Amino acid sequence: MILKAKERGNARQLASYLLSMRDNEHVELHDMRGFVSDDLNEAFEELDAIAGQTKCKKHLFSMSLNPPEGAQVSREDFERAVARIERKLELDDHARALVFHEKDGRRHAHAVWSRINTDEMRAKNMSFYKQKLMDVSRDLYLEHGWDMPKGMIDRSMRNPLNYSRSEWQQAQLSKQDPKLIKAAIQECWKNSDGTDALKAALEEKGFFLAQGDRRGVVAVDVRGETFSLSRWSGVKAKDVRERIPDADFLPSVQDTKTHIASRMTDKLKTYIREVDDGYKRASPAIEHKRQQMKARHGEERKAEYARIAEREKREQLARAARLPKGFSGVWSRITGKLSKIKDQNEMEALRSWQRDRAEKDKLVARQLDERQRLQDAVRKMRETRAQEIMQIRKEIAAYVAMKRGDIPSLAKRTQSEEQAKTKMRERSRQGADRQRQRQRERTRGRGDDRGREF
């Protein structure tokens, strides 16, 4: 599983985030260790108070444990992973809290340790923790048989379409899939060797080169959103300057936006709005279904946990009733019978505890599976919408090029594309025919050889 961690302060804000239901469908405080209070907010206030007696500002070590998509991970698996991390980082004796979050049909965990050693009142030095966590992460992928990310095997094989949080936020504002945006810009960069070729490639996909205010060369899409060319193409600013030496002669962002806006047709704008409106109409229905599922799952868990708690109470009373009282209790202690009864009760209590945990995990796994099926539908709808918008943007770019006189008309462009596709299909068919002809000749030759042997 992916392990992400950092040193931080402000325990109160972190406790509020861990217990927040705003972005999560289910939140469970699973385990706390080393605190006086069993309330997470009060427990983290204890950590702030202890850290106040030291000079340490970032006295917390916060970590998220994210299993691969589609993986069902039990409580025991998370606990074993946390225990391994503790041993690796030497945090075994430090106060710790473990919280489970569920969102979009996936379950992940948050573990928070206090860095302060209360015996010495000094903060634990977390040197090289990223490399140590990478080692643990690799081991977890191997032990569970999960497909390991290529970047974890060899950093040179890291997915070039990975994007930073700032890139994701920018893409979200423009309602576009950041993977498609980055893939489009990177493809244009790789397939061009100069300013004109790059400009033509970008405009084919609906982006227009411009001179940015602070970021050098940028690409402006048909909605007026700007993207840093170096960042989104995955190259250095020096490489951009080498390929576009005359960047000072590019139009400004505002001039480019004006240029695009003047050539946008009302019909194509309507197409984009129709796609967005269709998505907005579908989104409330799916969101309503998600909220209904969330409420139903919450009620199911509440009823199941109450049933398990009631059964546990009955079993505790039954085990307590076995213990002899009065003179019989004194005699059973002398004969050793009391010790056997206690051993039996402890064994039954352990088995009951394991059974209860397994039943809770079974319920959660079933609900996560149902939630993942809904999320698959959401993901498919988003991908379809993103693909449609990307196609419309290409058409807008072609229309702008047509108005500038770069191509005669959209109809001829479509006709030429169809002709190109027809030629490709014809070449493919001819190649297949030649392959079949060679296969027949080889078969016939083998038959002739066998005839000569006899």
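**Lysine 289**

I started at lysine 289, which sits in helix α12 (residues 266-322); helices here are DSSP runs of H or I with at least four residues, strands are runs of E with at least two, and both are numbered from the N terminus. This is a predicted model, so I kept to its rules: local features need pLDDT of at least 70, side-chain atom pairs count only at pLDDT 80 or more, and totals for chains, interfaces and linings use all residues. Residues are numbered from 1 along each chain as its sequence is written, and side-chain values use heavy atoms, with hydrogens and water left out.

My cut-offs are under 20% relative accessible area for buried and over 50% for exposed, with partly exposed in between (1.4 Å probe, protein chains only).

**Whole protein**

I noted 15 helices and 10 strands in the protein. Of its 454 residues, 37% are buried. The accessible surface comes to about 27800 Å², and carbon and sulfur atoms own 50% of that; areas are from the Shrake-Rupley method with a 1.4 Å probe, and for residues only the protein chains shown count as cover. Then I checked contacts (heavy atoms within 4.5 Å). Among those between residues at least 6 apart in sequence, 70% join residues at least 24 apart.

**Cores**

Next I went for the nonpolar cores, meaning sets of buried Ala, Val, Leu, Ile, Met, Phe, Trp, Tyr and Cys residues joined through side-chain atoms within 4.5 Å. The largest has 26 residues, and Phe61, Leu65, Ile85 and Leu133 have the most contacts inside it. Which elements give two or more residues to this core? I listed β1 (2-8), β3 (60-66), α3 (75-89), β4 (96-103), β5 (106-114) and α4 (129-144). Another core, of 19 residues, lies apart from it and includes Leu198, Phe207, Phe227 and Trp232.

I took a closer look at leucine 65. Skipping residues up to four places away in sequence, leucine 65 touches Met1, Ile2, Leu3, Phe78, Ala81, Val82, Ile85, His108, Ala109 and Ala111.

**Aromatic pairs**

My search of the whole structure turned up seven aromatic pairs. Rings of Phe, Tyr and Trp (its six-membered ring) pair if their centres lie within 6.5 Å; planes under 30 degrees apart are stacked, over 60 edge-to-face, and the rest tilted. Phenylalanine 61 and tryptophan 113 have ring centres 6.2 Å apart and planes at 45 degrees, so I logged the pair as tilted. The pair links distant parts of the chain, with phenylalanine 61 in strand β3 and tryptophan 113 in strand β5, 52 residues apart. Both are buried. Tyrosine 141 and tryptophan 146 pair edge-to-face, at 5.8 Å centre to centre and 85 degrees between the planes. Tyrosine 141 is buried at a relative accessible area of 3%, and tryptophan 146 is buried at 17%. I also found Phe61, Trp113 and Tyr129 linked into a cluster by ring pairs.

**Cysteines and α7**

How many disulfides are there? I counted zero, taking a disulfide as a pair of cysteine sulfur atoms within 2.5 Å. Cysteine 56 is buried at 17% relative accessibility, and cysteine 188 is buried at 2%.

Cys188 is one of the buried residues in α7, along with Pro178, Ile181, Lys182, Ala184, Ile185, Gln186 and Trp189. Helix α7 (residues 178-190) has 13 residues and reaches 18 Å from first C-alpha to last, close to the 18 Å expected at 1.5 Å a residue; the expected span is 1.5 Å times one less than the number of residues.

**Positive phi**

Most residues other than glycine have a negative phi, and I picked out two exceptions. Asparagine 10 has a positive phi of about 55 degrees. It is found in the loop between β1 and α1 (11-18) and is partly exposed at 46%. Methionine 121 has a phi near 55 degrees. It lies in the loop between β6 (116-117) and β7 (122-123), partly exposed at 32%.

**Valine 220**

Last stop: valine 220, in strand β9 (residues 217-221). Its relative accessible area is 0%, so valine 220 is buried. Leaving aside neighbours within four places in sequence, I found valine 220 in contact with Gly206, Phe207, Phe208, Ala210, Glu225, Thr226, Val253, Thr256, Lys257 and Ile260. The C-alpha atoms of valine 220 and glycine 206 are separated by 8.4 Å.
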